[in-house]
Amino acid sequence: MRTVRVYEEAWPLHTPFAIARGSRSEAVVVVVELSEDGVRGVGECTPYPRYGESTASVMAEIAALIPQLEAGMTREALQQALPAGAARNAIDSALWDLEARLHNTTLAQRTASAIPTDITTAQTVVLGEPAQMATNAALLYEKGARLLKIKLDDHFITERVMAIRAAVPEATLIVDANESWRSEGLAARCQLLADIGVVMLEQPLPASDDAALANFIHPLPICADESCHTRSSLKALQGRYEMVNIKLDKTGGLTEALALAQAAKEQGFTVMLGCMLCTSRAISAALPLVGLAQFADLDGPTWLAVDVEPGLPFRTGSLSFAPHQ
């Protein structure tokens, strides 16, 4: 017989990131704990309003499955019981963690995954005035970040990216427009990014406007984020995107994420591994996917003022399990 515990946690953000996000000063996550035979498995998710999720709705979805979970619900049954999303991710992650611990193995061993000892992760340059963003990029690069993810909206695009490139001429840059652009002028913006050496553009248009990318010739790869959730998304992305951003909170957990990564590669897409604002628990659950990804964007816990204990060994721009002298 399993026991189930579901609760929410609020994690304070570093002041600069809290300011950049406006009124939000904390990251709210939902945690699922499953206990069986004296062993505990833990999973975490971050409800995302963009997908109609709230802390209350996610906790309600999980609570409705507690009887089945206590009776021994499997990961396979879970895929049918809940749609892809944060609630399923928290449960799926807890089931994977519990399974690994019950068998006295690691998650990497259970998934037959090779996790590198040194992982380069994108470090986010939050939205701000051009000079401010350039300064932030330079500070991150000085601290060791070599892959920078630039957040943009629909304003001052040229000024922001040019200032950042001048500040960090050697950094690898990716740009995330978060669905804020429109098809008009997109070709010129793509050319600007390519001209300054940006290596990838993430979700420039609203997911509902993906048709504008069909037969759209562009000089750098475009990655689907909000447009890609599960394997069922891939057919519509063909001929529009070259890359997909896999996040466990979108796929509904590692079970579907692994299947999505495999299907994406078989269909010619490259993979980016992303995350929401989260603690190291959520990143740990996603690590089996790192070896399948061209880019890892796993800096969620680095924006927290405090992390879970024990947290993962983050350094600025990297996650390193190798000893450093």
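Start by selecting helix α5, which gives the most to the lining of the second largest pocket, with five residues. Helices here (H or I, at least four residues) and strands (E, at least two) are DSSP runs, numbered from the N terminus. Before going on, note that this is a predicted model: local features need pLDDT of at least 70, side-chain atom pairs count only at pLDDT 80 or more, and totals for chains, interfaces and linings use all residues. Residues are numbered from 1 along each chain as its sequence is written, and side-chain values use heavy atoms, with hydrogens and water left out.

The pocket holds about 650 Å³ of space. By type, the lining divides into 14 nonpolar, six polar and six charged. Nonpolar here means Ala, Val, Leu, Ile, Met, Phe, Trp, Tyr, Cys and Pro; Asp, Glu, Lys and Arg count as charged, and the others, Gly among them, as polar.

A word on the method: on a 1 Å grid over the protein atoms alone, a pocket is an open set of points with protein on both sides within 12 Å along at least five of seven lines, while a cavity is a set where a 1.4 Å probe fits but cannot get out; lining residues have an atom within 4 Å of a point. Grid points are joined across faces, edges and corners, and a volume is the space filled by probe spheres set on the points.

**The cavity.** Now select N89, L248, D249, C275 and A282, the residues nearest the centre of the largest cavity, which is lined by 15 residues. Its volume is about 110 Å³. Which element gives the most to this lining? Colour α13, with four residues. The lining splits into eight nonpolar, four polar and three charged residues.

**The core.** Next, pick L148, W181, L201, L234, V244 and I283: of the 64 residues in the largest nonpolar core, these touch the most other members. Such a core is a set of buried Ala, Val, Leu, Ile, Met, Phe, Trp, Tyr and Cys residues joined through side-chain atoms within 4.5 Å. Buried means under 20% relative accessible area, exposed over 50%, and partly exposed in between (1.4 Å probe, protein chains only). Zoom in on V244: leaving aside neighbours within four places in sequence, V244 is in contact (heavy atoms within 4.5 Å) with residues including C223, L234, A264 and F269.

**Helix α12.** Select residues 254-266, the helix that provides the largest share of this core, six residues. Among the buried residues of α12 are L254, A257, L260 and A264. Just after α12, G268 takes a positive phi of about 95°.

**Loops and backbone.** Go to P310, in the loop between β12 (295-296) and β13 (314-315). A cis peptide bond joins E309 and P310, with omega about -5°. Then try N178, which has a positive phi of about 50° although it is not a glycine; N178 sits in the loop between β7 (172-176) and α9 (186-195). Last stop, N215: its phi is near 60°, in the loop between β8 (198-202) and β9 (222-224). Is N215 buried or exposed? N215 is exposed, with a relative accessible area of 76%.
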